[in-house]
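Open the model in your viewer and show it as a cartoon. We will go from stop to stop, selecting residues as we go.

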Amino acid sequence: MSSFEADPEVGLTAPAAMELLEGAPVALGGPRGFAVTRTLPNRQRRMVGAWCFLDAYGPHDLDGSDGMRVGPHPHTGLQTVTWLLAGEVLHRDSLGSLQVIRPGQLNIMTAGRGISHSEETPVEHTPVLHGVQLWVALPHAARDVPPEFAHHADLPVVTAGGLTTTVLIGSFAGVTSPARSHTPLVGAELALTRGAESTLSLRPDFEYAVLALDGAPTVDDATLKPGPLLYLGSSRAEVRVATESPARLLLLGGEPFEERIVMWWNFVGRDHDEIVQMRADWSDHTPRFGEVRGYDGPPLPAPPMPISRLVPRGRVR
């Protein structure tokens, strides 16, 4: 998915013992575009582990709508992670990949030095679309790796005591996802039945956050609703989750990402001049990003560069 803002940041409520990061509404493609809620990057907390971008969308009723239509656009220095709760998304990329993703499946695209892709609701689709799009920043050692795309139709699932855990990436609940990551990282969907309660084991060297996908789950003493991201911090050995009615959460975690990065439009780089070159390569149609074939529409133009120089930033500022 593309960020249609040159500097994708959102506001933050006053921090408490656990920080509640309020999401900002963003219309992909302009004021009449596809509506999402963005919680990363946030104005004060830009990352959770290497997770550097989080858009949640839906549930959207697609009756009378074209659904998602995000034209070809470039990426560098990151991985895109797509997870659906309902509906379908058709992915195309400049490697020639053509893949429909459905709930319970994972699409992960590694941009490395450069790739381009598009995303759209396929012609044949179910009536509701609901999901999340995330980015993972690649560390310096991996940021120029060759681009690749992987689709994982079968992910590890653990069910115990009213809690069903699906591990998207990394290791959790005693199982490991086949999805490849370049830093110590975890992402998992937690589905709770009515009245479920569970204490989850965490890695104290990781930092964590949770997003309510539906329902009104309780995390420790905080009751969540879809929208805000609850930052749990690090040095935790466990966290309690519970619910009075069915609910789903997205758990994100990882080793704190200590590198300073520049994140602008759809690029992750290390300084202003790198971003300038990435933008020029896309605008000049150089071979760097390849070509997405089969999408019925034009590629997205890059926004103008800001007047001031882009400054590398850490995960907290």
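Select residues 34–40, strand E3, and residues 51–61, strand E4. These two strands run antiparallel and are joined by three bridges. Strands here are DSSP runs (E, at least two residues), helices are DSSP runs too (H or I, at least four residues), and both are numbered from the N terminus. Two strands pair if DSSP finds at least two bridges between them. Now click Thr-37: its bridge partner in E4 is Ala-56.

This is a predicted model, in which local features need pLDDT of at least 70, side-chain atom pairs count only at pLDDT 80 or more, and totals for chains, interfaces and linings use all residues. Residues are numbered from 1 along each chain as its sequence is written, and side-chain values use heavy atoms, leaving out hydrogens and water.

Find Tyr-57; its bridge partner in E11 is Gly-131.

Next, an open sheet. Seven strands make it up, in the order E1-E22-E19-E24-E17-E14-E13, with antiparallel pairing. Strand E1 (19–21) and strand E13 (157–160) are the edge strands, each pairing on one side only.

Zoom in on E14 (residues 163–169) and E17 (residues 185–192). Six bridges join them. Which residue of E17 is the bridge partner of Leu-163? It is Leu-192.

Now turn to the rings. The structure holds seven aromatic pairs. Rings of Phe, Tyr and Trp (its six-membered ring) pair if their centres lie within 6.5 Å; planes under 30 degrees apart count as stacked, over 60 as edge-to-face and the rest as tilted. Select Trp-265 and Phe-267: this pair is edge-to-face, 5.6 Å centre to centre, with 90° between the planes.

Are these two residues buried or exposed? Buried means under 20% relative accessible area, exposed over 50%, partly exposed in between (1.4 Å probe, protein chains only). Trp-265 is buried because its relative accessibility is 2%. Phe-267 is buried too, at 0%.
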